[in-house]
Amino acid sequence: MDGIQKKVNDFNTKYNLGGSIETRFIDLSSEIGELGKEILEGTNYGEKAFSKTDNLESELGDVLFSLVLVANCVGVDLDIALKGVLKK
C-alpha cells in the first residue's frame with residue numbers, strides 16, 4: 001500500500017487539500033455512508049440479492065482515498081497495519 005499512500009499524498013499536496021485529522025475522519029465517515037447507500041440500493045433495501053450498482057466502484061474508491069488520507073494524516077503505514085491485523 002506504500003504506492004497508494006504515496007499517490008494519495010502526492011495528490012493531496014498537488015491540490016493543497018490540507019485538512020485536520022478530525023476533518024479527515026468526518027469525510028471518511030461520510031464516504032462510508034455513501035458506500036452503504038450504494039449497497040442498500042444494490043439490494044433494493046434488502047428486498048433482493050445484491051447486484052452491483054453503477055456507482056459502487058466510485059464509492060469504494062472514495063472510501064479508500066479517505067481512509068488513506070486518515071492514515072497519512074496520523075503517520076500510519078497501512079502495510080504495517082494490515083500485516084498486524086493478518087497476524088491476529
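Q: In which helix is the place of Glu41?
A: Glu41 sits in helix α2; helices here are DSSP runs of H or I with at least four residues, strands are runs of E with at least two, and numbering starts at the N terminus. Keep in mind that this is a predicted model, where local features need pLDDT of at least 70 and side-chain atom pairs count only at pLDDT 80 or more, while totals for chains, interfaces and linings use all residues. Residues are numbered from 1 along each chain as its sequence is written, and side-chain values use heavy atoms, with hydrogens and water left out.

Q: Why is Glu41 called partly exposed?
A: Its relative accessible area is 34%. Buried means under 20%, exposed means over 50%, and partly exposed is what lies in between (1.4 Å probe, protein chains only), so the label follows.

Q: What makes Glu41 and Lys37 a salt bridge?
A: Their closest N and O atoms are 3.8 Å apart. The rule asks for a side-chain nitrogen of Lys or Arg within 4 Å of a carboxyl oxygen of Asp or Glu, so a pair at that distance counts. The two are 4 residues apart in helix α2, so about one helical turn separates them. Lys37 is partly exposed too, at 46%.

Q: How many salt bridges does this rule give?
A: The count is 3. Another one joins the side chains of Asp10 and Lys6, at 2.8 Å from N to O. That pair is also 4 residues apart, this time in helix α1, which means about one helical turn between them. Asp10 is partly exposed at 37%, while Lys6, at 52%, gets the label exposed. Then there's Glu57 with Lys52, whose closest N and O atoms are 3.7 Å apart; both of these residues are exposed.

Q: How do you know that Arg24 has no salt bridge?
A: The nearest side chain of opposite charge is Asp27, and it is 5.7 Å away. For charges, Lys and Arg count as positive and Asp and Glu as negative, with His and the chain ends not counted. Arg24 belongs to helix α2 and is buried. Leaving out residues up to four places away in sequence, Arg24 touches several others, including Asn12, Leu17, Leu69 and Cys73; a contact means heavy atoms within 4.5 Å.

Q: What makes the phi of Asn16 worth a look?
A: Phi is near 50 degrees, a positive value in a residue other than glycine. Asn16 lies in the loop between α1 (2-14) and α2 (21-42), and at 67% relative accessible area Asn16 is exposed. Asn44 isn't a glycine either, and has a positive phi of about 50 degrees. Asn44 is found in the loop between α2 and α3 (56-74) and is partly exposed, at 44%.

Q: How do you know that the protein chain is more spread out than a compact globule?
A: From the N terminus, the elements run α-α-α-α. The chain's radius of gyration is 15 Å, well over the 12 Å that the globule rule gives for 88 residues, so the chain is more spread out than a compact globule. The radius is taken over C-alpha atoms, and the rule is 2.2 Å times the number of residues to the power 0.38. Along the principal axes, the C-alpha atoms fill a box of roughly 40 × 35 × 20 Å. Of the 88 residues, 23% count as buried.
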